[in-house]
Amino acid sequence: PSSRVVAFGMKMLKKLERVKKLDDVLFVANAANVFDKKEKGPAKSVLALYKKIAKRSPALLFPILEAIAARALVHPDVDVLEGALSFLESHAGAVDPEIRRVVTENSEALPTTLQGRGRLLGIEGAGLDSEPAVVSDGPRLAEELKGRAEALADRWRRVAGVDVALRCLES
């Protein structure tokens with residue numbers, strides 16, 4: 001459908017949600033299709049509705065997480081990807097191993113500025129206790145990268161997920 005039709009449909013769905021007439025199960029089962037379109041407006045609207053639905057219908061959280069991991073994380077718009085990662089991060093405790101695997105796979109396609117967040121979400125809490133491979137020059141390289149990261153403006157550190165990476169280095 002054309003973008004105007006999709007926009008109109010999203011407008012109607014938001015109205016249904018406001019008057020508490022939106023069928024959450026049907027919405028969750030079908031809304032992920034919007035992530036296949038390049039427009040960011042409808043995709044961001046779906047993420048916003050997912051957030052509300054997850055809050056009032058916890059039983060639907062798992063299918064929402066699946067849809068976001070599999071479909072939203074491959075959307076072409078950075079704002080949608082940021083929203084998808086934020087949603088997944090806010091529900092990290094509910095992300096099961098299969099969803100973590102999908103997140104890790106899809107992290108490779110994320111813009112470089114978001115890949116670290118995706119990878120971290122994919123492994124964080126997944127029971128991976130093995131030690132990371134040691135690079136012979138690792139400590140020196142880590143210090144150099146940490147210095148560069150700390151030199152970035154706060155806004156860019158947040159957007160790029162640098163603060164998350166710095167916390168990982170410190171732990």
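**Close-up 1. Helix 3 and helix 4 are roughly antiparallel to each other in this predicted model.** Helix 3 (residues 40-56) and helix 4 (residues 61-70) pack at an angle of about 160 degrees with their axes 10 Å apart, and they are therefore classed as roughly antiparallel, a label for angles over 145 degrees, whereas angles under 35 degrees count as roughly parallel, 65 to 115 as roughly perpendicular and the rest as oblique. Axes are lines fitted to C-alpha atoms, for helices over the stretch in contact, and angles run from 0 to 180 degrees between N-to-C directions; helices themselves are DSSP runs of H or I with at least four residues, numbered from the N terminus. The crossing is left-handed, meaning that the near helix is turned anticlockwise from the far one by less than a right angle. Leu47, Tyr50, Ile53 and Ala54 of helix 3 meet Leu61, Ile64, Ala67 and Ile68 of helix 4, where contact means heavy atoms within 4.5 Å. By class, this contact of helix 3 with helix 4 has eight nonpolar, no polar and no charged residues.

Residues are numbered from 1 along each chain as its sequence is written, and side-chain values use heavy atoms, with hydrogens and water left out. Because the model is predicted, local features need pLDDT of at least 70 and side-chain atom pairs count only at pLDDT 80 or more, while totals for chains, interfaces and linings use all residues.

**Close-up 2. Helix 4 also crosses helix 5 (residues 78-90).** The axes of helix 4 and helix 5 come within 10 Å and cross at roughly 145 degrees, in a left-handed crossing. Leu61, Ile64, Leu65, Ile68 and Ala69 in helix 4 meet Ala84, Phe87 and Leu88 in helix 5, and the residues of this contact divide into eight nonpolar, no polar and no charged.

**Close-up 3. Helix 1 passes helix 3 in a left-handed crossing.** The axes of helix 1 and helix 3 come within 10 Å and cross at roughly 20 degrees, which makes helix 1 roughly parallel to helix 3. Helix 1 contributes Val6, Met10, Leu13, Lys14 and Glu17 to the contact, and helix 3 contributes Pro42, Ser45, Val46, Leu49, Lys52 and Arg56. These residues divide into six nonpolar, one polar and four charged, with Ala, Val, Leu, Ile, Met, Phe, Trp, Tyr, Cys and Pro counted as nonpolar, Asp, Glu, Lys and Arg as charged, and the others, Gly among them, as polar.

Technical notes
Helix = DSSP H or I, 4+ residues; strand = E, 2+ residues; numbered from the N terminus.
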